[in-house]
Amino acid sequence: MNKKKIRASDAAIIAVTAVLAAGFFFPIYFTFISAFKTNGEILRSPIALPSALRFDNFIYLWKKTNIPAAALRSAFLTIVSTLCMVLVIPMSSYALERRKTRFSRFLYIFFLSGMMIPFQVYMIPLFRQLKILGLFGTLQGPIFVYVSGAVAFGTLLYSSFIKTVPKEIEESACLDGYRSFQIFWKIVFPLLAPCTASMVILQSLNIWNDFLMPLMVMPANRPKTINVEIYAFIGEFQVRWDVLFSGTLISMVPVIVVFALLQKYFVSGIMAGTLKG
Amino acid sequence: MTKTPIPRKRRKHTAFQVSYALCLPAFLLFAGFVVIPAVSSIYYSLTSWDGISKSMEFVGLRNYRDLVADARFLNALKNTLTITIALTILQNVLALLLALLVERVKVGKTLFRSAFYLPVLLSGIITGYVWVALLNYTFGVVNMFFKAVGLDSFAIDWLGNPDFAIWTVVAVLVWKGAGYYMIIYMAGLSGIPNELMEASSIDGASAPRQFASITFPLLAGTFTINLTLSLINGLRVFDQIVAMTSGGPGFATETFTYQIYSVAFAEGRQGYGTALAIVLFLVTLVFAGLQNAALRKREVQA
């Protein structure tokens, strides 16, 4: 009797969860099917599967819009910016965490204060500064902004991780005559790999998905990032839902693939990001 | 640590220098592209700069005086607070529910967790457009659904109706963000010792009773984190407004961040826009501070 009751409640939980999950997933499913439909099909029968597997929307995107070129730029910005973050942030977090001085404690708090500053608060002076430095309308400009903007979160992430790395390894390397730079890159950095993976994944998502900053600072006469070009496309062709959805799919697919392959790093990255409380 | 006597002093010295060399690139970037612009925004907010001219005219507190009298600002403040409070409550209730469900579900746990979490990873702009299509008055799936189940009166122009648009935006934001808080609640739930649950089951406690007396109090720390995060994120809502409503109809869904963007870049009033941004920063600080103080108290008592 009791056992049966438990099984019935299990089934109820599965049913409720499945209905909610289907609801959550529906917009993504809808993007997938709509990307292969004609505009007419989307308007007439939005939930039906596409009548045939047609790639006309993608061909249109390829030939007539800036979206493929913009996707390439998004990928470039994402890769180069996260690479620069990896060159800069773990090294500094390591120094701050391992050599505790009054100044390093101050610097740690100083970096973390960045978590409290919304981008909108400093964007206007930042744009003017980029113009003065000649970085406005270049590809380097956004890279500088992304790497600088990641210092706060990255320091938080790495500092909590470095605490768990035993010092003995570094100390023996130190006795073997390695210098600090070498100790860091040859011995400590490989040990930080899980943390680096979390930061790279979370930050590359942010950059790939970013909208406001690239809209404002990238060159006006050339393709910007994928999301900015989709926004521009809608501004021009409000009724081309078919093309919109194929562009949307191109923006979504890399994110979904990365998530499917590297799930565990997402969770550890989120948890590290909440430790500040 | 060091056994050799002579190099000791020298090595300490170089180590000291090297450790600052390691911090230097991060420091220069953070100071140059975050702190300097953030601090100089205080000065910008005291000017009437238009975004183009070479010179900036210092106008003292005029922007702040204008702001207090600006009906559009008060409206954006009201909208931002409405969205933030509604979002914080709804997102946390749903996220906790999802976490409890996914923790308990016997099959397909990873799959369900991924389905709830996936919207978090996608861009606000892109998902905003997908929802614009789903919520379309004539061909949108949402209205088709309501008509199919016989609730024809629910088939309205979700984003075009000034009374409902803001709640529609909130609903889409809940969909987008709940999975993030769910992951944090799941981590909190897994930290609750099983023995407590088993012992109370043996004592005959019902599931709701267990939730009220064990789960809820022991999640206090997780609540603090999640409420603070959802509050800060609520105050920053921007992409979805751009994609779904452009602040409209009228100004019905215009938030702080959207007004800053529109005043500064569409109207060329960057001095005024910066003053708005400073107020946004202060509101963020006050909210986060108040909430943390209130919740910490609860944690101690629990």
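Start at B:Met182. Leaving out residues up to four places away in sequence, B:Met182 touches B:Ala95, B:Leu98, B:Ala99, B:Phe116 and B:Tyr117. Touching, or contact, is when two C-beta atoms, placed from the backbone, lie within 7 Å.

A word on the source. This is a predicted model, where local features need pLDDT of at least 70, side-chain atom pairs count only at pLDDT 80 or more, and totals for chains, interfaces and linings use all residues. Residues are numbered from 1 along each chain as its sequence is written, while chains are lettered from A and ligands numbered from 1 in the order in which they are written.

Back to B:Met182. It belongs to the largest nonpolar core, which has 154 residues. B:Phe116, B:Val169, B:Met182, B:Leu276 and B:Leu280 touch the most other members. The largest share of this core comes from helix 7 of chain B, residues 165–190, with 16 residues. Two definitions here. A nonpolar core is a set of buried Ala, Val, Leu, Ile, Met, Phe, Trp, Tyr and Cys residues joined through C-beta atoms within 7 Å. Buried means 20 or more other C-beta atoms within 10 Å of the residue's own; exposed means 12 or fewer, partly exposed is in between, and C-beta atoms are placed from the backbone.

Now chain B as a whole. It has 13 helices and zero strands. Helices (H or I, at least four residues) and strands (E, at least two) are DSSP runs, numbered from the N terminus. The radius of gyration of chain B is 25 Å, well over the 19 Å that the globule rule gives for 302 residues, so chain B is more spread out than a compact globule. That radius is taken over C-alpha atoms, and the rule is 2.2 Å times the number of residues to the power 0.38. The C-alpha trace of chain B spans about 70 × 65 × 35 Å along its principal axes. Of its 302 residues, 43% are buried. Take the contacts in chain B with a separation of 6 or more: 71% are between residues 24 or more positions apart.

Chain A next. Here we have 15 helices and zero strands. Its radius of gyration is 24 Å, well over the 19 Å from the globule rule for 277 residues, so chain A is also more spread out than a compact globule. Its C-alpha trace spans about 75 × 70 × 35 Å along the principal axes. Buried residues are 43% of the 277.

How do the two chains meet? The contact takes 68 residues from chain A and 70 residues from chain B. On the chain A side, helix 1, residues 2–34, gives the largest share, 13 residues. By class, that side has 50 nonpolar, 15 polar and three charged residues. Nonpolar covers Ala, Val, Leu, Ile, Met, Phe, Trp, Tyr, Cys and Pro; charged is Asp, Glu, Lys and Arg; the others, Gly among them, are polar.

One residue to look at across that contact is B:Phe281. B:Phe281 sits in helix 13 of chain B, residues 270–301. It counts as buried because it has 20 C-beta neighbours inside 10 Å. Beyond four places in sequence, B:Phe281 is in contact with A:Ile117, A:Pro118 and A:Val121.

A:Val121 takes us to helix 6 of chain A, where it is one of the buried residues. Others there include A:Tyr122, A:Met123 and A:Phe127. This helix has a kink of about 35°, centred on A:Pro125. The bend at a residue is the angle between axes fitted to the seven residues ending there and the seven starting there. Just after the helix, A:Gly134 takes a positive phi of about 75°.

Chain B has a positive phi to show too. Phi of B:Ser246 is near 50°, a positive value in a residue other than glycine. Most residues other than glycine have a negative phi. B:Ser246 lies in the loop between helix 11 (239–244) and helix 12 (256–266) of chain B. Buried or exposed, then, for B:Ser246? Exposed, because B:Ser246 has 12 C-beta neighbours inside 10 Å.

Last stop, A:Gln203, in helix 11 of chain A, residues 193–209. A:Gln203 is buried, with 24 other C-beta atoms within 10 Å. Sequence neighbours up to four places away aside, A:Gln203 touches A:Thr82, A:Met85 and A:Ala150.
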